Amino acid sequence: MFGDTLAFSGFAVDDPGRAREFYTGVLGLRVSQDGDLLMLHLAGGRDIVVYPKPDHVPATFTVLNFPVPDVDRAVDELTARGVRFERYPGLPQDERGIMRGNGPTIAWFTDPAGNIFSVIERVDEPG
């Protein structure tokens, strides 16, 4: 039924203005806005809707992953821009918050609304 539908994802924030500032200024994303509704324009023609929700409670899971060729470099660049990386009890993360050897190399951070994002090792598909 939905095999040919151009689906998209979305998540909420408590302050669209502050979120837009972070997405454009810190992450370098292209963002359009219609009132309080944001649209993140990601590589590959993928768009994500970000909508305001005054009583927003962030999810306890990763809502957006950014595949990168070098997680260490991405962590360094984002840290220099003021991003703090999350540490989770029980996960084998180094002092910078990077987890290695337990699946793909990954590090987590949050947006101003507390939504969890990651930089994750890009695994190119064979072929």
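A residue is taken as buried when its relative accessible area is under 20%. In this predicted model, Thr 105 has a relative accessibility of 14% and therefore counts as buried. Thr 105 belongs to the loop that runs between strand E6 (98–99) and strand E7 (106–110). Beyond its neighbours within four places in sequence, Thr 105 is in contact with Val 71, with Ile 98, Met 99 and Arg 100, and with Val 119, Ile 120 and Glu 121.

Residues up to four places away in sequence being set aside, Met 99 touches Leu 91, Pro 92, Gln 93, Pro 104, Thr 105, Ile 106 and Trp 108. The C-alpha atoms of Met 99 and Val 71 are 9.8 Å apart in space, while the two residues are 28 residues apart in sequence.

Strands E6 and E7 belong to an open sheet of four strands, arranged in the order E5-E8-E7-E6 with mixed pairing. E5 and E6 are the edge strands of this sheet, each pairing on one side only. E7 and E8 run antiparallel and are joined by five bridges; in this pairing, Trp 108 stands opposite Ser 118 of E8. Helix H2 packs on the sheet, where it touches E5, E6, E7 and E8, and its direction makes about 140 degrees with that of E8.

Another open sheet of four strands has the order E1-E4-E3-E2, and its pairing is also mixed. Its edges are formed by strand E1 (9–13) and strand E2 (30–34), each of which pairs on one side only. On average, neighbouring strands of this sheet are turned by 25 degrees against each other, direction ignored. Five bridges connect E2 with strand E3 (residues 37–42) in the antiparallel sense, and Val 31 has Leu 40 of E3 as its bridge partner.

In soluble globular proteins, nonpolar side chains tend to be buried together. The largest nonpolar core here contains 29 residues, of which Phe 11, Tyr 23, Leu 27, Leu 40, Phe 66, Phe 109 and Val 119 touch the most other members. At least two residues of this core are supplied by each of E1, helix H1 (16–26), E3, strand E4 (46–52), strand E5 (62–68), helix H2 (71–80), E7 and strand E8 (116–121). A second, separate core comprises five residues, among them Met 99, Trp 108, Ile 116 and Ile 120. Within the largest core, Phe 11 has contacts outside its sequence neighbourhood of four places that include Tyr 23, Leu 40, Val 63 and Phe 117.

Seven aromatic pairs were counted. Phe 85 and Phe 109 form an edge-to-face pair, with 5.6 Å centre to centre and 65 degrees between the planes. Phe 85 lies in the loop between H2 and E6 and Phe 109 in strand E7, so this pair ties together parts that are 24 residues apart in sequence. Both partners are buried: Phe 85 has a relative accessible area of 8%, and Phe 109 a relative accessibility of 1%. A further edge-to-face pair, at 5.5 Å centre to centre and 80 degrees between the planes, is formed by Tyr 88 and Trp 108. Here Tyr 88 is partly exposed at 25%, whereas Trp 108 is buried at 10%. Ring pairs also link Phe 11, Phe 22, Tyr 23, Phe 66, Phe 85, Phe 109 and Phe 117 into a cluster.

According to the unreviewed UniProt entry, residues 5–122 carry the annotation "domain: VOC". This span is 18% helix and 36% strand, and its end C-alpha atoms lie 26 Å apart.

Notes:
Residues are numbered from 1 along each chain as its sequence is written. This is a predicted model: local features need pLDDT of at least 70, side-chain atom pairs count only at pLDDT 80 or more; totals for chains, interfaces and linings use all residues. Side-chain values use heavy atoms; hydrogens and water are left out. Buried means under 20% relative accessible area, exposed over 50%, partly exposed in between (1.4 Å probe, protein chains only). Contact means heavy atoms within 4.5 Å. Two strands pair if DSSP finds at least two bridges between them. Axes are lines fitted to C-alpha atoms, for helices over the stretch in contact, and angles run from 0 to 180 degrees between N-to-C directions. A nonpolar core is a set of buried Ala, Val, Leu, Ile, Met, Phe, Trp, Tyr and Cys residues joined through side-chain atoms within 4.5 Å. UniProt positions are given in the numbering used here, feature names are shortened, and annotations may be inferred rather than shown by experiment. Rings of Phe, Tyr and Trp (its six-membered ring) pair if their centres lie within 6.5 Å; planes under 30 degrees apart count as stacked, over 60 as edge-to-face and the rest as tilted.
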